[in-house]
Amino acid sequence: MSALLEIEDVTMRFGGLCAISNCRMTVPAGITHGIIGPNGAGKTTLFNLITGIYRPTEGIIRYKGRKISGQRPSRIALEGIGRTFQNIRIFKSLTVLENVRIAYDSQLRYGPMESLMRVGRYGRAEDESIARSMELLEHFGLSGFASIPASGLSYGSQRRLEIARALALKPALLLLDEPAAGMNTGETSALTEFLRDIRDHFQVTMILIEHHMHLVMNLCDKITVLDFGRVIADGTPAEIRANPRVIEAYLGESTE
Amino acid sequence: MAYFAQQAVNAISLGFLYALIALGYTMVYGVLTMINFAHGDLFMLGAFICLLLVTFSPIALPFPILLVLVMLIIGGLGGLIERLAYRPLRDAPRVSAVITALGCGLVISNTTLSISPYSRAMPEVFNDQYFNVFGVGISTLQMLIIGVSLALMIGLDALIQKSRFGMALRAVAFDARSAPLMGISVNRIISLTFLIGTGLGGAAGMLYGMAFPVISASMGVLVGWKAFIAAVIGGIGNIRGAVLGGFILGTVEIFSVATLPSTYRDLISYSLLLVILIFKPYGILGRAPNIKV
Amino acid sequence: MENIRRFCVRLADRRWILPVLLVLGMTFCVVAESTSLLNSYTRFVLTAMLVNVILCVSLNLVNGYLGEFSVGHAGFMALGAYASAMLTTCLFPQTPALFIPAILVGGLMAAVVGFFLALLSFKTRGDYLAIITLAFLMIVKSALENISWVGGPRGLAGIPTLTTLPIAFATAIITLWVIRNLIYSKFGRAVVAIREDEIAANAMGVRTREAKILAFTVSSFFGGVAGALLAHQITFINPGSFDIVKSTEILVMVYLGGIGSLAGSILGAVIFTFLSEALREYGTWRMVILPLILVLLMIFRPRGIMGLRELPWFLPRRELFNRRKKS
């Protein structure tokens with residue numbers, strides 16, 4: 001199986017602070033990969049590096065064998081990497097439908113002149129974009145809210161909208177930054193099912209940052225543990241659970 | 001050589017004036033991250049208040065009392081504008097506050113213009129004398145400008161670095177949301193910042209009016225906004241940057257006027273601003289804001 | 001009162017009204033221009049109103065849809081006004097047929113400069129971009145003051161009166177049409193996405209640089225066009241006519257009518273024009289009252305009358321369908 005995403009010795013420094021140091025990670029296509037670690041371990045920084053918001057100080061990130069580090073974020077998104085954000089970043093004053101359509105727009109093929117004169121491919125492309133976006137919203141149970149401003153959605157629905165929006169890019173790789181943040185145990189187990197469904201239905205490889213261990217252990221095929229910007233463990237959920245260094249990072253050094 | 005030295009003296013005194021006005025812009029920006037476009041017009045008003053006081057006062061007011069009065073009146077006005085126009089917008093989109101500031105500035109300058117459509121001559125506040133130091137002419141007024149500005153800046157620096165108010169101010173500038181958790185009254189700090197910042201601008205207006213004794217309502221845009229350039233060049237929000245920017249701009253202006261037709265002055269100042277912003281988008285000493293993703 | 005409201009809502013939903021209004025408006029303009037139906041003052045005010053509509057809609061593209069704060073729109077007007085006026089007065093006088101190309105040249109002149117301003121907006125946002133537009137405005141003004149062959153501070157006089165009511169009306173309609181068609185396309189949605197959240201827009205594949213270039217270039221093009229029309233209406237221009245006060249007037253229109261709304265822009269321009277005419281007898285106090293309105297507006301209704309809402313007349317049919325579906 002070829003690797004979908006390869007992170008090769010990536011280091012990220014902000015001034016004197018080393019947020020990520022010599023990170024190596026390989027994500028094969030088709031799996032669900034979890035990233036865990038204490039607060040400030042550099043998990044979100046890693047996402048920002050993959051999606052091009054930051055440029056790595058050192059190292060290379062490859063996607064489908066092609067180097068993506070150093071590219072503009074929009075370019076990386078168009079390569080097929082979708083993401084959500086830790087503190088939801090939906091387009092608040094736009095409608096729910098418009099939120100999804102903006103991500104879908106990159107697949108529309110018409111030029112400025114066609115849209116100016118309302119001729120050629122414009123009409124069909126726009127109709128298709130609305131239809132496809134509605135389909136997507138339907139799948140997420142949001143089609144009833146299509147024409148209300150996204151800020152009017154409940155917190156949970158906003159999180160779902162953010163995932164729907166990322167999927168409108170038709171990504172092969174989906175990065176989820178704490179999808180279960182702020183959810184209780186019941187909601188979290190519903191989310192596990194929901195994510196499993198997304199993975200099967202949309203055929204995406206997922207990388208998710210999460211603090212809810214239950215969700216991570218149930219859903220992920222592989223887990224990487226970060227602490228102070230370093231990969232301290234890497235393996236299947238069972239291996240991670242048994243790893244003494246992980247327990248140490250989470251609970252502090254053992255006194256013995 | 002003497003010519004050069006003469007221009008250097010002029011540049012220093014102009015630089016001090018710009019720095020004094022720029023401090024007001026930069027203090028407000030540091031605390032509220034908001035450009036107080038009305039500041040230039042309050043500066044202009046400082047000159048006019050001085051004119052009013054000199055003209056209508058029954059007794060001849062000595063310079064120090066005049067200075068304190070102007071600073072108090074302008075500072076009070078600045079605080080009032082903050083209370084009435086800016087505070088309701090503290091949580092509104094940032095653009096709203098900037099537009100409001102622009103609007104307030106226009107209200108002040110056009111009210112002044114409507115009341116006094118023509119430029120006026122500033123009466124002499126004290127007997128100005130000219131000294132010749134090694135072939136370089138320096139007037140009492142220039143010495144006074146440098147002295148007063150220097151005193152005010154040192155005072156401000158001490159206030160910010162040493163006093164409790166200064167500590168609170170730095171805390172609010174650092175993080176206005178967690179400062180109240182430390183028992184700091186953010187509203188009081190912001191009001192005081194406006195009071196001091198615009199007060200300094202008023203003092204600069206008075207000094208400027210005395211040095212270039214023709215004052216008009218358009219002074220706020222013509223001179224006040226220059227000081228704004230100075231603040232931005234130095235890195236707005238940064239107090240030392242304001243002083244640095246003031247001197248850079250003063251030097252550039254004096255020497256460009258000495259070598260080129262004076263009509264090129266604005267062109268050069270604003271081009272300098274544009275060029276610096278292209279290469280250092282946040283000014284010489286300024287830092288890019290941290291955006292959390 | 002309730003009846004009036006219901007009537008207005010019904011009116012707003014009837015999309016056939018817009019083409020009817022266009023035809024009626026154009027006919028009215030042609031008739032008014034060729035007969036003595038209106039006196040010259042009324043014609044002058046109506047023309048100024050249409051020029052204001054162009055200014056307001058085009059600035060709304062940057063300040064409302066893109067969500068940046070530009071104070072430099074008067075600078076683009078100046079470029080358009082001077083470029084076109086030089087063509088019609090100095091290079092090709094006595095050929096009114098060249099007015100349309102002259103308008104286009106004015107617009108292109110402004111668009112080229114707008115393009116470079118857009119490049120600066122890649123790195124800077126918010127306050128700093130506002131400062132850059134301010135610097136741009138000041139540079140244009142003082143550059144014009146120092147170029148003697150365009151009249152220096154005295155300006156250009158004797159520009160032929162070529163801006164007629166029908167031309168102004170047609171140009172305003174074309175401006176609205178172009179901007180509306182851009183807004184309701186993937187290009188426009190990219191612009192709006194940047195306003196909402198630039199980082200998220202980037203992550204959703206929005207090419208933010210291209211979108212910013214589009215918004216700035218189109219906006220400055222029509223700013224230049226409006227400048228060209230203004231120059232050939234008032235027949236005399238000087239650098240002082242395009243200062244920060246002029247920019248503020250356009251800002252008042254935009255924020256009065258409402259950001260991110262075409263209907264709001266028209267409303268803002270119309271209200272502003274009449275208000276400003278009504279206040280003309282008060283001289284410079286006019287420019288005290290107008291900014292005061294702006295300040296009060298910001299405090300009590302920061303998004304303006306129409307803020308982010310749109311009249312169904314201006315929406316493409318397919319967008320309308322989706323809006324209705326909710327109710």
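Student: How do you know that chain A is in contact with chain C, and how many residues take part?

Tutor: In this predicted model, 33 residues of chain A are in contact with 27 residues of chain C, where contact requires that the C-beta atoms of two residues, placed from the backbone, lie within 7 Å. Local features need pLDDT of at least 70 and side-chain atom pairs pLDDT 80 or more, while totals for chains, interfaces and linings use all residues. Residues are numbered from 1 along each chain as its sequence is written, and chains are lettered from A and ligands numbered from 1 in the order in which they are written.

Student: Which helix of chain A supplies the largest share of the side that touches chain C?

Tutor: Helix 3 of chain A does, with 5 residues, helices being DSSP runs (H or I, at least four residues) numbered from the N terminus.

Student: What makes helix 5 of chain B roughly perpendicular to helix 6 of chain B?

Tutor: Helix 5 (residues 140-162) of chain B and helix 6 (residues 164-174) of chain B pack at an angle of about 75°, with their axes 5 Å apart. Angles of 65 to 115 degrees count as roughly perpendicular, so helix 5 of chain B is roughly perpendicular to helix 6 of chain B. The axes are lines fitted to C-alpha atoms over the stretch in contact, and angles run from 0 to 180 degrees between N-to-C directions.

Student: Which residues of helix 5 of chain B meet helix 6 of chain B?

Tutor: Leu159(B), Ile160(B), Gln161(B) and Lys162(B) meet Phe165(B), Gly166(B), Leu169(B) and Arg170(B) of helix 6 of chain B.

Definitions and conventions: Helices (H or I, at least four residues) and strands (E, at least two) are DSSP runs, numbered from the N terminus. Angles under 35 degrees count as roughly parallel, over 145 as roughly antiparallel, 65 to 115 as roughly perpendicular and the rest as oblique.
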